Amino acid sequence: MPPESRRKLLSSGNYRWMGLTGLGLVGMSLIFPVVAEESWPTEEDFFMDLPVALTATRLEQPLIEAPASVTVIDRDWIQNSQARDIHELLRMVPGFVVGSTSGGRPIVTYHGFAEQFVRQLQVLVDGRSLYTSINGGVQWGALDLTPDDIERIEVIRGPNAAAYGSNSFFAIINILTRHSAETQGHQVSTRLGSNGVRDLRWRYGGSTEQSSYRVAIQHKEDDGFPDKYDQRHIDTFSARSDWNPQPGIGITTQLGLGQTRKGTDRVRNRLPSREFTRDLGHFHLQVQNTRDPDTTHRLQYYFQFHDLQDGFTALNNNGQPYRTNRNSRAQRHDLELESSHRISPDSRIVYGGSARLDRSASSYYFHGRGWIDNDLYRAFGHMEWSPTSQWLINLGGMYEYNDITGDNLMPRGAVIYMPHPEHSLRFVASRAVRTPSLAEEEIRMVDLTADGQPTDRTVSRGGLKPEVIHSLELGYHLQFAEGQLKADVKLFQNELRDLIQMPYGLFYGLENEGEFRNVGGLTLQGIETQWNYRPTHRLRLLAGFALLDTTQVATEARPQADSIPGHTFNLGLMFKPDNAWTLTMEYYHYGSIDWLDDPGAPPTDAGDGFLDLNLSRTLGSHASATLSVKDALASGFDSRLDGPVLRGNHRTTEAYLSLSLNF
């Protein structure tokens, strides 16, 4: 959208946000009715371990009835995997590629399109989107969460824009944090080991008659990959409170602040090794009314910001030094109202709407233009209907308007057949879009010519179309031995259109010109399966496999096709020989990938694979210790080989000792 039109929309945006205040007041009137005498929720209501999915349709559903392929990483696995960072847990999800870009920053992608800004995933924390407005993607290395904060992670492996809007393109990762009543008392934990690993965290949880709360402070640091300038230091503060002012009324407030200081390695001779700083923060409020067991109302508001300070001295094409920076700022306000109802014994509905304001500013990306804004409005609805005990029909969709691409409609339909209570066959058809980020749509840059003079450089002419995916899925979910063995298999075909290409070569000085543009599409198909087996209460096995293939690839979309691995494979084991000891093993492998943001470099893969080993022991009722060996098969590189632009990420085996004390 032209800047003039955007300013007009901004001037009218005040009236829109006044309207949103009215929407919020209406929502509060729904959430706070007159309260009658009734019993308070029990501890079981908060902590029951239900085999359900919450993310597929915004309705609580048994996994066997979900109209999607769902992977749930539960609290048991999260606690015993000893993952240092959240993204490491996703290696146990079929189809996922987890690696590191330059500077050791984590990359998480599903079915390829591997680059440092993975824009085709939606990542939520308790309903708050982590998708950054300026570049897209998620800053995994700067989160103010740790695995200890998480109750479960639900991954919808497939498009789900019908429930969560644009950018829910390839998959959704919904991180659900622990209720503060579960984390009472003091906890001090530390981790020390090779490669400069030095972590320390303090957490405290308390309660009153009607509420509970927790606060946590954390410091993490390490030296990154060997022989590279990519060390990191992370400091975070987080807080959560859960308050029940009336029976059936819940108010959850979350606050997070963090700063990451990160080194990044040299890019050819023009950009030196340097250190940059990210400041992040958020405020998140949720109000929920569950007084009526057949009706739920939920009101959510959050604000978050992301500031990058990245100033350094570089060389122009003539070898002359000049001072530059890649500083940026991004902000988001989001307000959402949702209601769900059981309208008959055989049918349920959920519906709602939301509005969002994204703002970004950067002298590097948007030279001389100040703040750039994008308003977004959504309306969504979903119906679940069971005409017989064996059939289940799901119909839903999302209407979305945003300033960049205008109107978008994202529908989904699914039919589920259950010939037996432990077996289900599903057919799902859906459409999703991926809206260009503000940088893709609006970027204008300044560079220096050979004689050292500044010159404007247009990298995007605007008017980009959204990326579009049409997806068909045939899936089979099964359970055996009273739930001891659970499995899911799916066949899928995704038609991708209007893919957006980023001119990485231009950013690295390998090309004289280039710009963001839509480059056609391709068809991605494959088979994917996951298995979860608990033969005894002391042994658990996880396995996942994906086999992927591309056809009908447009010539200009060949880089995207080459970034899709032919396969991914994961295997996990958890063994508890007695109540004191726990052994976990995680193995992970992916096929050959040409990274989109590493022009000219040869393709890479996982080599012999990644193997992590952990041995834990409880020390009484209040302490535990763990010895971890990470990347035990280390050889070659992690994601990045030595190429004409970037140096490779040389893998090494690391070990560290973790201690935790509760009192």
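**Group meeting talk: rings, charges and strands**

"Buried" here means under 20% relative accessible area, "exposed" means over 50%, and "partly exposed" is what lies in between, using a 1.4 Å probe and protein chains only. Phe96 is buried too, at 0% relative accessibility.

Some housekeeping. What you're looking at is a predicted model, where local features need pLDDT of at least 70 and side-chain atom pairs count only at pLDDT 80 or more, while totals for chains, interfaces and linings use all residues. Residues are numbered from 1 along each chain as its sequence is written, and side-chain values use heavy atoms, with hydrogens and water left out. When I say helix (H or I, at least four residues) or strand (E, at least two), I mean a DSSP run, numbered from the N terminus.

**Rings**

A pair of aromatic rings is described by how far apart the centres are and by the angle of the planes. Rings of Phe, Tyr and Trp (its six-membered ring) pair if their centres lie within 6.5 Å; planes under 30 degrees apart are stacked, over 60 edge-to-face, and the rest tilted. How many aromatic pairs does the structure hold? There are 11. Phe96 and Tyr110 make a tilted one, 5.0 Å from centre to centre with 40° between the planes. Phe96 sits in strand S4 (residues 96-100) and Tyr110 in strand S5 (residues 106-110), so this pair ties together parts that are 14 residues apart in sequence.

Next up, Tyr588 and Phe610: their ring centres are 6.1 Å apart and the planes are at 40°, so that pair is tilted. Here Tyr588 belongs to strand S34 (residues 581-590) and Phe610 to strand S35 (residues 610-618), so parts 22 residues apart in sequence get tied together. Tyr588 is buried at 2% relative accessibility, and Phe610 is buried at 4%.

To count, NZ of Lys or CZ of Arg must be within 6 Å of the ring centre and within 35 degrees of the ring normal. Lys490 does this with Phe492, at 5.0 Å from the ring centre. And Phe113, Phe169 and Phe170 form one aromatic cluster.

**Charges**

Side chains of opposite charge can pair when their charged atoms come close. We call it a salt bridge when a side-chain nitrogen of Lys or Arg is within 4 Å of a carboxyl oxygen of Asp or Glu. The structure holds 49 of these.

Take Arg534 and Asp74, whose closest N and O atoms are 3.6 Å apart. Arg534 is in strand S31 (residues 522-536) and Asp74 in the loop between S3 and helix H3 (75-81), so to speak a link across 460 residues. Buried or partly exposed, what are the two partners? Arg534 is partly exposed, at 32% relative accessible area, while Asp74 is buried at 16%.

Asp76 in turn bridges to Arg540, also with 3.6 Å between the closest N and O atoms. This one joins helix H3 to strand S32 (residues 539-551), with the two residues 464 apart in the chain. Asp76 is partly exposed at 23%, and Arg540 is buried at 3%.

Then there's Asp334 with Arg356, where the closest N and O atoms are 2.7 Å apart. They connect strand S19 (residues 328-344) to strand S20 (residues 347-361), 22 residues apart. Asp334 is buried at 3% and Arg356 is buried at 7%.

There's also a network of salt bridges linking Arg84, Asp85, Arg191, Asp199, Lys220, Asp222 and Arg232.

**Strands**

Last topic. Two strands pair if DSSP finds at least two bridges between them. Five strands make an open sheet with mixed pairing, in the order S3-S8-S9-S6-S7. Strands S3 (70-73) and S7 (128-129) are at the edges with a single partner strand each, so one side of each has no neighbour in the sheet. S7 pairs antiparallel with strand S6 (residues 121-125) over two bridges, and Val125 has Arg128 in S7 as its bridge partner.

Elsewhere, strands S10 (residues 185-193) and S11 (residues 198-207) pair antiparallel over eight bridges. Their hairpin has four residues between the strands, and Asn195 there takes a positive phi near 60°. S10 also runs antiparallel to strand S37 (residues 654-662), joined by seven bridges, with Ser189 partnered by Ser660 in S37.
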